[in-house]
Each structure stands twice: as structure tokens, then as C-alpha cells.
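This report covers the architecture of a two-chain model. Look over both chains before reading on.

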Amino acid sequence: MNRTYELMFIVRPDMPEEDQDKLISTLESAVTSFGGRVKSVERMGKRRLAYTVRKFQDGIYVLLTAEGSGGLMHELERRLRVSEPVIKFLTVRIDEEQKRLDKIKAIRAARRKTSSPPPAAETPGEAPAATA
Amino acid sequence: MAEETRATATLSSEAVASPERAERAERVERGERRPSRSSPAGPGGREGGARKFFRRKKVCKFCVEKIEAINYKDVRLLQQFVAESGKIVPRRLTGVCTPHQRRLSTAIKQARNIALLPFAGRA
């Protein structure tokens, strides 16, 4: 229940603003009904596609970050697949990557603390406090 | 951990020597078949100066700048490692280290899937 996913999908460019909002709110309610949590919804705007998708040259990109189980994502993807205005989507799991990045950041912060010699303070006392 | 040691030793000769040695080992392995049909000025099993493409000074961009997360969303970063034709540039030309090249290629493939990068371009 603590898997974090990033779902990016492309909506057809001739879709009106309110329909987009409706679609996004439908997805959000689906997330919460499955016991997940929406972390953020980011509209990346209209972009030119690198290749033609379903006869469209542009598309409106939307990025949805949500926390939940795998079943939740399965359900979201199913809904996106049947929804007509969505022309492409991609789900990426990001919690493992986030863990790795946090670990590296922590290591780097610890190294910076211990490598720079403080004038008269205790280094071992400071380092655990910084990483904790 | 290998990334850390490489990052701290970017300017020393060690970091330059080890990818070099790895490249040489690679080429010696494939060296048996290469000389028969290799290009005259190419990395075809010949050591010592005839390698036009192997730039000794090239270090891994990600290791040097300490970029840890290679996201499929930053197209500008990914485009530096993609040829005009849309192909992923091999790591002996860009100088990227192996773990970063793997992550980079995954990110490029993800970007291709979501139409941020093309599968095939002009050529």
C-alpha cells in the first residue's frame, strides 16, 4: 500500500478544458475509492508529439502521481484505455527510485559532514543528528 | 558505491585508465574477427593511437555533475544522447559509464513510449 506510481497520459488536443477537469477528477476519485492517495496532478500543457498518435500531432500532457497498490494502477490504466480522449499513457513505479535517491542524498550529506573538519565541535555527535 | 569512487577520482588518472582498460579488453575479445573487415581508422582491435573514436578525456557526464536521477521527462538532457536518426548513441562515443548508460537507455525508451522522443527520425 505504499507504492508510489507516476502516471503520465496524453489527452487529445481538441478536448475542452472542463472535460479535462472532469476526467482528472474521475481519476482522482477512483484513486481514493481504491484506498490510494493522490500526491499531485500536473498539467504539462500542449506539446508537439514526436510521432503521430491516432492521427494527432499535438497532445495535452498530464502527470498524475499517486500512492497505492498495484491493483489501483491496474484499474486506472483500464479506465484510461477505454476512455476515448486519452491517446497514450505510461505508468512508472517510482518508490524504489526515490528510496535509492534518498539513500544517496543521505550518504552525501553524511560524507560532507564528516569530511569537513569543524573547528572545535564533535563530529560524531553532529553526523548522526544530521542524517536522522 | 562504484559511482561514488568514480566521482571522487574523476581528475585522477585512475578513473581514466579503468574505462580505457575495459575498452581494450572489450576490443581484444572482439579483436579476432574485427581486423578482417574493420575500417582503416577505427576501433577494430588495434591498440595504441589508431582509435579515432575513443576520446581519452571523455568522462561520464552524470558522474561528474552528480546527476543521480535520469528522468524520462527531461527531454533536453536525453536528446544529448540520441542521434539525429533517433537512435541511442553508444557509450563509447558519449563516454557515459555503464550503470548510467543503462538508466539512460531505460529513460529514453520510456520517453519514446510516451511520444516525447521519436522512435525513428530522419534517417
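In what order do the elements of chain B run from the N terminus on? The pattern is α-α-α-α-α-α-α. Chain B has seven helices and zero strands. Helices (H or I, at least four residues) and strands (E, at least two) are DSSP runs, numbered from the N terminus.

The model is predicted: local features need pLDDT of at least 70, side-chain atom pairs count only at pLDDT 80 or more, and totals for chains, interfaces and linings use all residues. Residues are numbered from 1 along each chain as its sequence is written, while chains are lettered from A and ligands numbered from 1 in the order in which they are written.

**The two chains**

Chain A has four helices and four strands. Along the sequence they follow β-α-β-β-α-β-α-α. The table sets out some values for each chain. Two terms need cut-offs. A residue is buried if 20 or more other C-beta atoms lie within 10 Å of its own, exposed if 12 or fewer, and partly exposed in between, with C-beta atoms placed from the backbone. Two residues are in contact if their C-beta atoms, placed from the backbone, lie within 7 Å.

The four strands of chain A form an open sheet in the order S2-S3-S1-S4, with antiparallel pairing. Strands pair if DSSP finds at least two bridges between them. S2 and S4 of chain A are the edge strands, each pairing on one side only. Neighbouring strands of the sheet are turned by 20 degrees against each other on average, direction ignored. S2(A) and S3(A) (residues 56–68) run antiparallel and are joined by 11 bridges. A:Asp58 in S3(A) is the bridge partner of A:Arg48.

**A helix pair in chain A**

Helix H1 (residues 17–33) and helix H2 (residues 70–82) of chain A have axes that come within 10 Å and cross at roughly 155 degrees. Axes are lines fitted to C-alpha atoms, for helices over the stretch in contact, and angles run from 0 to 180 degrees between N-to-C directions. H1(A) and H2(A) are therefore roughly antiparallel to each other (an angle over 145 degrees). A:Leu27, A:Ala30 and A:Val31 in H1(A) meet A:Leu72, A:Glu75, A:Leu76 and A:Arg79 in H2(A). By class, this contact has five nonpolar, no polar and two charged residues. Ala, Val, Leu, Ile, Met, Phe, Trp, Tyr, Cys and Pro count as nonpolar, Asp, Glu, Lys and Arg as charged, and the others, Gly among them, as polar.

**A residue in chain B**

B:Leu78 lies in helix H5 (residues 75–79) of chain B. Why does B:Leu78 count as buried? B:Leu78 is buried because 22 other C-beta atoms lie within 10 Å. Leaving aside neighbours within four places in sequence, B:Leu78 is in contact with B:Ala107, B:Ile108, B:Ala111 and B:Leu117. The C-alpha atoms of B:Leu78 and B:Ile88 are separated by 9.4 Å, and the two residues are 10 apart along the chain.

**Where the chains meet**

The contact takes 12 residues from chain A and 10 residues from chain B. On chain A, strand S1 (3–11), strand S2 (37–53), strand S4 (86–93) and helix H3 (95–115) each supply at least two residues of the side that touches chain B. S2(A) gives the most, with four residues. That side of chain A has 10 nonpolar, no polar and two charged residues.

Technical notes
Angles under 35 degrees count as roughly parallel, over 145 as roughly antiparallel, 65 to 115 as roughly perpendicular and the rest as oblique.
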